[in-house]
Amino acid sequence: MVTTPGAVPPTPTATPLGVRRRIVLLVVLLAAAAAALGGTVVPRLAAPEAPLGLPWVAWVAAFALSELLVVHIQLQRDSHSFSMSDLVLVAGLYLLEPAALITAQVVGVGLVMLLHRRQRGLKLAFNLAQFALAGCLATTVFTVLGRDTSLSGAWEWIAALAAVSVSTFTACACVYAVMRASGATLGIGELPRMLAISLPFALGVAAIGLLAATTAAQNPASLGLLALPAGLLIAAYRAYANAREQQNNLRLLHEVTSLLYNSNDAPTALTDFLTAVRGAFKAGSAELILFGEGEAVPTLSRSRDGEQPIALRVLERREDADLLVAWASETGTTTTRSGIGQNSALDRYVARNALKDAMISVLATEGRVQGLLLVSDRLGDVGTFAGSDLALLETFARHVATSLDRGRLETDLRRVIELQEELRHAAMHDPLTELPNRTLFLDRTEHDLHLAGRNGQWPAVLYIDLDGFKPVNDTYGHQAGDLLLKVFSERLHGCVRTADTAARLGGDEFAVLLHGPIDAEGVETALARIRTELDLPVDLGGGRTAKVGASIGVAFSDTDTDIDALIRRADLAMYTAKRNGRGRSVFYDAALEVEPAAEDATT
């Protein structure tokens, strides 16, 4: 039996409704077909002539054990896992009554999927229906070809191999169908490719099952002799696979460490590192969160299956990372995986983000936490990250932390972060006055409104339009006008509180966000400070001075005010002030809404 990524339905919470309905329909059809065969055809199939006197529970245990003993093969992005269940299936065709065989297979495999692979819901239902249908078809084919003829011996072997071939084809067809139902773009040629990968292995395992069945039929005690070399072969294979994997990981670790330590290109080095981490753990995603030093902006680098990698992007939500670091600090566990603790911070993170599983390692050197290395979504459907994976992840984390602390990457990383911060500052601030621009002003206003919705501390907005700026610009030139704007901006910034935000919206329009709680008296105090600064002349150089006034609109927020309404009200109040003689301050009132719309006044 072969398992590939996407061979089972996606997590229900992340599945679009239409896709989920198609998958449910497919599962219902598979289950109905299995039930129809199991209820009509299978009961009429002849029982084996020489059944082995093993209790039914022993067959359940055999199927469960065969599903635990899997062979993993990684081919590019696909993780293929071959179980030994066909070995037990072939033996059961010879030695167990058909209905009991099918039930033992479904129960044994189902227990492994439920308890070991932690499958639930639609995913579990699909796999159980698939195994039930494949078992019904396999027993039917074997009985029709092998026992309804006068031939025996080699012909029965052919019948058993044909039964395994039908079972394998059914499994591959079900996998192909569910991948198509899930929205994957697959050509018809994908089904033969899946068969070409899985069928040779299935037939090879089936041949061993034939040998076991033949031996058991002739002399059950001789199965002990067969079990010894089989156990040695399995142990030797697992030892070889582990040694080869360890060798590959050590080579990969050396290459990645050299890359991180000597790199002059931090983004490329980090994305290559995370891609290598994904390959080492056969994971769908690997993320590196770096906190930086002091007030540095945290960054996210990520390599995810099917997506373009990202490097050193500003981390939008730091809350999850802080919770994971705090939990690791409290428990003293710097490297851990999901599913081993009761309601751990990592388990909650996995649930919130609809992940299959995850591992984290906190990057720390000399008492300073540098960030987090997070690996998630083990490819394939053959279990989850194991203890050996944790040891390797901790090694990767230790090397990347050391490279950040001592290698060239640290200097390059700081340069990139500084450049990103400069670009971020430029995108959020007015280039002439260095005040926050409209984008940042609206963002902070919206944040204050959301915060006020929880604590009731409602902010207010001042909308300011300078009076008399255009004559200064026309008379003394644009340089003098720019100088006036810069001086006014400095004075405006200096006369508001630290928690407030003074911004230039464009041209000679400015705005001030007065952090809540604020009342009319507090607004009047702010207006008085602004008027005092406006009364001071501005030195334009060359013995020239200028003085401007301002029309100011004021709007308070409350429970029924969103950001659009708040800005519109302040803007309306400002135009009312300008229309009524300029140099005034007007507080928004609902009565302003019914006054005739004012045309834009020229300054």
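**Figure 1. Ile464 and its bridge partner across two strands.** Ile464 has Ile552, in strand 15, as its bridge partner. Two strands pair if DSSP finds at least two bridges between them; strands here are DSSP runs (E, at least two residues), helices are runs of H or I with at least four, and both are numbered from the N terminus. A quick word on what you're looking at: this is a predicted model, where local features need pLDDT of at least 70, side-chain atom pairs count only at pLDDT 80 or more, and totals for chains, interfaces and linings use all residues. Residues are numbered from 1 along each chain as its sequence is written, and side-chain values use heavy atoms, with hydrogens and water left out.

Figure 2. Angles run from 0 to 180 degrees between N-to-C directions, with axes fitted to C-alpha atoms, for helices over the stretch in contact (contact means heavy atoms within 4.5 Å).

Figure 3. Ser303 belongs to strand 5 (residues 299–304). Why does Ser303 count as buried? Because its relative accessibility is 3%, and buried means under 20% relative accessible area (1.4 Å probe, protein chains only). Its side chain makes a polar contact with the side chain of Thr275 at 3.2 Å; that term covers a pair of N or O atoms within 3.5 Å, where, within protein, one must be able to donate a hydrogen and the other to accept it, and residues adjacent in sequence count only if both atoms are side-chain atoms. Leaving out residues up to four places away in sequence, Ser303 also touches others, including Leu274, Arg278 and Pro309.

**Figure 4. The second largest cavity.** About 50 Å³ of space lies in this cavity. Its lining includes Leu484, Phe488, Arg491 and Glu533. Helix 16 (478–494) and helix 17 (520–534) are the elements that give two or more residues to the lining, and the largest share, 3 residues, comes from helix 16. On a 1 Å grid over the protein atoms alone, a cavity is a set of points where a 1.4 Å probe fits but cannot get out, and lining residues have an atom within 4 Å of a point.

How values were computed. Buried means under 20% relative accessible area, exposed over 50%, partly exposed in between (1.4 Å probe, protein chains only). On a 1 Å grid over the protein atoms alone, a cavity is a set of points where a 1.4 Å probe fits but cannot get out, and a pocket is an open set with protein on both sides within 12 Å along at least five of seven lines; lining residues have an atom within 4 Å of a point. Grid points are joined across faces, edges and corners, and a volume is the space filled by probe spheres set on the points.
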